[in-house]
Amino acid sequence: MPTESGSCSTARQAKQKRKSHSLSIRRTNSSEQERTGLPRDMLEGQDSKLPSSVRSTLLELFGQIEREFENLYIENLELRREIETLNERLAAEGQVIDGTELSKGQLKTKASHSTSQLSQKLKTTYKASTSKIVSSFKATTSRAVCQLVKEYIGHRDGIWDVSVARTQPVVLGTASADHTALLWSIETGRSLIKYTGHVGSVNSIKFHPSEQLALTASGDQTAHIWRYVVQLPTPQPVADTSICGEDEVECSDKDEPDVDGDVSSDCPTIRVPLTSLKSHQGVVIAADWLVGGKQAVTASWDRTANLYDVETAELVHSLTGHDQELTHCCTHPTQRLVVTSSRDTTFRLWDFRDPSIHSVNVFQGHTDTVTSAVFTVGDNVVSGSDDRTVKVWDLKNMRSPIATIRTDSAINRINVCVGQKIIALPHDNRQVRLFDMSGVRLARLPRSSRQGHRRMVCCSAWSEDHPTCNLFTCGFDRQAIGWNINIPALLQEK
């Protein structure tokens, strides 16, 4: 079958690529063995005022640079030999080709075209090789402005959502596939309250804008509103868990946090909601409060979003129009606006500012599932998608985005630091990147064998007023992480 033959061809090409890569590695290693270690030893023996850890990092980085350029030099020699062989073959075939004689001009044009292709290949190889070196320097810089402060470990399954309370006391909330939501002390990392009212995966959590109320959405086709009362414990000194000069490495799933002992079992448990919102015929994937907190909106896999009155739990509006399952919903912080995103590659803006009517605008700019769309300061919306792009939109002109960010992995639930206009992008590939509103990359959160997420990062949330942790991330490795982002240093690097 054609599909099978295409697969075999692709497999052979991948195998040949791996083989050539392994040969290149062997050449590099053999050349390293031939070189004497004397220059490095002499360099290490010299007096220096640099700390030994920094000096070791620099030596390692310059060693990487030397190895990369050695590889480029070897490939350059091979390409030159190919060019010479090609020129000799063209000269030999210059008498008769396909029964016609080539003129000098035609021969020169053909040779020039082949040479330009090889030259382009050399440039591409150079860019790919040197990008690794540049990434090493960027990683070291990122550690200086992005530091892990606290890990929140207690869930027994992946965490889908993370949110920060907007009233005092400021607590952290997480929603998990283990059917629970937890409230945490940001300073100590201790779980304060467990909510167990849902009988399905808890997919999102949002805090009321002025009261101690939480809104959770679940796979049991409902959204719950529940009241909490917490007393924050005395904060303990925070240990510095930053890793200076350590190379980032891949981590296996075996390195996930050990939560066999349920650390949340000793905290108070809430089992019954204050209000249950029931109207959906499918999984409720997200929910949020409208400005003022008197109404709430939910998004469901039944392709609808519902607007409820919080006090009576009555359905006010059912928002229809999406062709496939909804993935997220978000409300404007100061206006009665709602944005819903969907697997149909669109997101929709719903306007409830006029009580008598509600209008809708459809934004089409992605080629795959829109995983989330969030409001920012002013009239901008930021959308993220499985098509590996993030787009910034102006609500006054929805024909085309004002900025596009292209990445190497699918985007999950994004969050925007409104005060500083910084976008946090959690990825399927376990990375979290920070960009500004114009699409300029600012930093990447450090991830190594000792810190960072081990599996897919599902969501991020900013807390602009907290003195220690101002960015939180959660993932399917069953933990949430609090980060300290040195925003002035970040913007200064920009």
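## Cysteines

A search of the whole structure, which is a predicted model, finds zero disulfides. A disulfide would require the two sulfur atoms to be within 2.5 Å.

Cys329 is buried, with a relative accessible area of 2%, and Cys474 counts as buried at 0% relative accessibility.

## Aromatic pairs

The count of aromatic pairs comes to nine. One of them joins Tyr152 and Phe472, whose ring centres are 6.2 Å apart and whose planes stand at 55 degrees, so the pair is tilted. This pair links distant parts of the chain, 320 residues apart: Tyr152 belongs to strand E1 (residues 146-153) and Phe472 to strand E28 (residues 471-475). Tyr152 is buried, with a relative accessible area of 0%; Phe472 is likewise buried, at 0%.

A further pair is formed by Phe347 and Trp393, with ring centres 5.6 Å apart and planes at 70 degrees; the pair is therefore edge-to-face. Here too, distant parts of the chain are linked, since Phe347 lies in strand E17 (residues 346-351) and Trp393 in strand E21 (residues 389-394), 46 residues apart. Phe347 counts as buried at 1% relative accessibility, and Trp393 is buried with a relative accessible area of 0%. Elsewhere, ring pairs link Tyr195, Phe207, Trp226 and Tyr228 into a cluster.

## The sheet E23 to E26

Four strands form an open sheet in the order E23-E24-E25-E26, with antiparallel pairing. Strand E23 (415-417) and strand E26 (441-444) stand at the edges; each has a single partner strand, so one side of each is left without a neighbour in the sheet. On average, neighbouring strands of this sheet are turned by 25 degrees against each other, direction ignored.

Strands of a sheet pair through backbone hydrogen bonds, in either a parallel or an antiparallel arrangement. Strand E25 (residues 432-436) pairs with E26 in the antiparallel sense over three bridges.

Technical notes: Residues are numbered from 1 along each chain as its sequence is written. This is a predicted model: local features need pLDDT of at least 70, side-chain atom pairs count only at pLDDT 80 or more; totals for chains, interfaces and linings use all residues. Side-chain values use heavy atoms; hydrogens and water are left out. Two strands pair if DSSP finds at least two bridges between them. Helices (H or I, at least four residues) and strands (E, at least two) are DSSP runs, numbered from the N terminus. Axes are lines fitted to C-alpha atoms, for helices over the stretch in contact, and angles run from 0 to 180 degrees between N-to-C directions. Rings of Phe, Tyr and Trp (its six-membered ring) pair if their centres lie within 6.5 Å; planes under 30 degrees apart count as stacked, over 60 as edge-to-face and the rest as tilted. Buried means under 20% relative accessible area, exposed over 50%, partly exposed in between (1.4 Å probe, protein chains only).
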